[in-house]
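Reader: Before we go through this model, I would like to know how to read its features one at a time.
Author: Then look at the structure first, and ask as you go.

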Amino acid sequence: MTRGLHLILGDQLTPSLLDECDPDRDVVVMAEVRAEATYVSHHPKKIAFCFSAMRHFAEELRDDGWTVDYTKYDDSDAKTSISEALEAAVKEHDPDEIHAVEPGEHRLVKELSDFKHEVTMRQDPRFISTAEAFEEWADGRKELRMEWFYRDMRKQTGLLMEGDDPLGGKWNLDGENREAAGSDIKLPEPKTFEPDEITEEVLDLVEKEFGDNFGTLRPFKFAITRKDAEAAFDHFIEKALPDFGTYQDAMLTGERFLFHSVISPYLNAGLLDPLDVCRRAEQAYHDGDAPLNSVEGFIRQIIGWREYVRRIYFHDGPGYTERNGLKAKRSLPKYYWTGETDMRCMSEAITQTRDEAYAHHIQRLMITGNFALLAGVDPAEVHEWYLAVYIDAYEWVEAPNTIGMSQYADGGLMGSKPYVSGGNYINKMSDYCKNCSYKVSKKTEEDACPFNALYWHFLDQHRKKLGDNTRLGNMYRTWDRMADKQEAYLKRANDLLERIDDL
Ligand code: FAD
Ligand code: DLZ
Ligand code: SF4
């Protein structure tokens, strides 16, 4: 009988990954290791989520008859890295073969391919698209735009389709999804879960070992099992999906989740299945429980953006995180690690990131991301921050969003224009500016909103690269019409950049 070792990583907590294995024959290897817990300074909630979900998954596997070789972080024989854990398991079990599902970071793909015994790597079946189909799709295309990819995914899955056409006649209802939220709006809360004994033990461990990392560990209210993640998703469908689309881009002071699903940690760790959640959202539409703009918007994020960034990451290869198309060099301002800034939008986004290990998409893109891009921060530093501070961050999904979508550092591979804005956009989509010491209506004065001058400075500075971009044509024409004000704007921006750590 051939005996196999199968490695399960902390974001591979899905039983179907073992479909090709046999519980009577094979051993599952899982390990909490220093290298994975420290390659960036992860938010304590992220480490706790990962370790607790791993421990619960291992228990479920054992209950189902699997042999699981599991090392805890504080075991006396704890291993420092995944390869060391695998090596120890090889010695212990003397397998005939070793297999794993392709990890979601090039770093670990390399570690496993350099491993001294051969590791048979299987494609991750939890994604709807495949690398082969994407390469075929990308072959010969000048631009790899998400929208075209997404339409193909709709056809492939049949989600929200009427024959070959999109249900309701339009592929993308984003135009209906840009409402700001008034302060009188009734908001649902995401479903929360009390830590059980296993999670409490993990929380104590994380407090002891990683208590100095940026981020608040307790209270910890995430789901850590498939069953609870399903309950969190059911709650979202019932309470938040109906308004998800309309308020997708809205931001409100003190409101950290609005109508977002907060399921990215569960999807990315393998506790929820992407196609399944999309089918359930589609069913809510057919049952009359949620409108098309919400359901299409939600499904697009998953079979569109999520699948697309997965493919871009592996398509572009290991050098992606070093890309710096706009040659930005500044260090990340210190308040990214404290939230201590007078810019209200930034302090809101950063303090909620510290407390929740979560911020929603528009906060990540149009507040912290926008500011870093306008300020010319080195994209590698921005990338490291996003990879560290969010509970859902693994490089395959974080890097394309940060390096590509948010920092425009990949030379336009992902986006047709940089996502930049001045304070007006933030004021339109949020109530932050009302409570800010800077004045959004002011442009170049001492108390003017920093986003305003930095925005024009950014366009001016990158004119050579961006000046011919048709999507920015209007903005450059406006800038040219402001000839008499340009000097004041640039002076104000340079002044802000000189004391960027003190804003
Ligand atoms: P919802 O708004 O409820 O959306 C539903 C689901 O759609 C999400 O759970 C997520 O799985 C998927 N989704 C939505 N937008 C994207 C996107 N742009 N890319 C991939 N999937 C998407 N997402 C991560 O999962 N991990 C990251 O590390 C991450 N880093 C980001 C960094 C930056 C700079 C930006 C701009 C975005 C990043 N995102 C990342 C995408 C997005 O912000 C999060 O997926 C989303 O905020 C998660 O919250 P939610 O579950 O409430 O999402
Ligand atoms: C994120 C993470 C952490 C904090 N710790 C572990 C760990 O100890 N063991 C493990 O197998 N996985 C961990 N992970 C998840 C991995 O880093 C993840 O599999 C890779 O980043 C690839 O996506
Ligand atoms: Fe942010 Fe400017 Fe508004 Fe202040 S005024 S909250 S800095 S956009």
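**Ligand contacts and local geometry**

Author: Start with a contact: a polar backbone atom of V262 lies 2.7 Å from an oxygen atom of ligand 1. A polar contact is a pair of N or O atoms within 3.5 Å; within protein, one must be able to donate a hydrogen and the other to accept it, and residues adjacent in sequence count only if both atoms are side-chain atoms. This is a predicted model, where local features need pLDDT of at least 70 and side-chain atom pairs count only at pLDDT 80 or more, while totals for chains, interfaces and linings use all residues. Residues are numbered from 1 along each chain as its sequence is written, chains are lettered from A and ligands numbered from 1 in the order in which they are written, and side-chain values use heavy atoms, with hydrogens and water left out.

Reader: Which atom of H361 lies 3.0 Å from an oxygen atom of ligand 1?

Author: A polar side-chain atom of H361 does. On the backbone, an N or O atom of D392 lies 3.0 Å from a nitrogen atom of ligand 1. The protein covers 99% of the 820 Å² of accessible area that ligand 1 has on its own, by the Shrake-Rupley method with a 1.4 Å probe.

Reader: Which of the 29 residues around ligand 1 come nearest?

Author: A residue is near a molecule if one of its heavy atoms lies within 4 Å of it. Here H260, S261, V262, Y358 and N401 come nearest. By class, the shell has 15 nonpolar, 10 polar and 4 charged residues. Ala, Val, Leu, Ile, Met, Phe, Trp, Tyr, Cys and Pro count as nonpolar, Asp, Glu, Lys and Arg as charged, and the others, Gly among them, as polar.

Reader: What is the class make-up of the shell around ligand 3?

Author: That shell has 10 nonpolar, 1 polar and 1 charged residues. Among them are C345, C433, C436 and C449.

Reader: Where is the peptide bond that is cis?

Author: The bond runs from R218 to P219, with omega near 0°. P219 is found in the loop between α7 (197-210) and α8 (226-239).

Methods
Helices (H or I, at least four residues) and strands (E, at least two) are DSSP runs, numbered from the N terminus.
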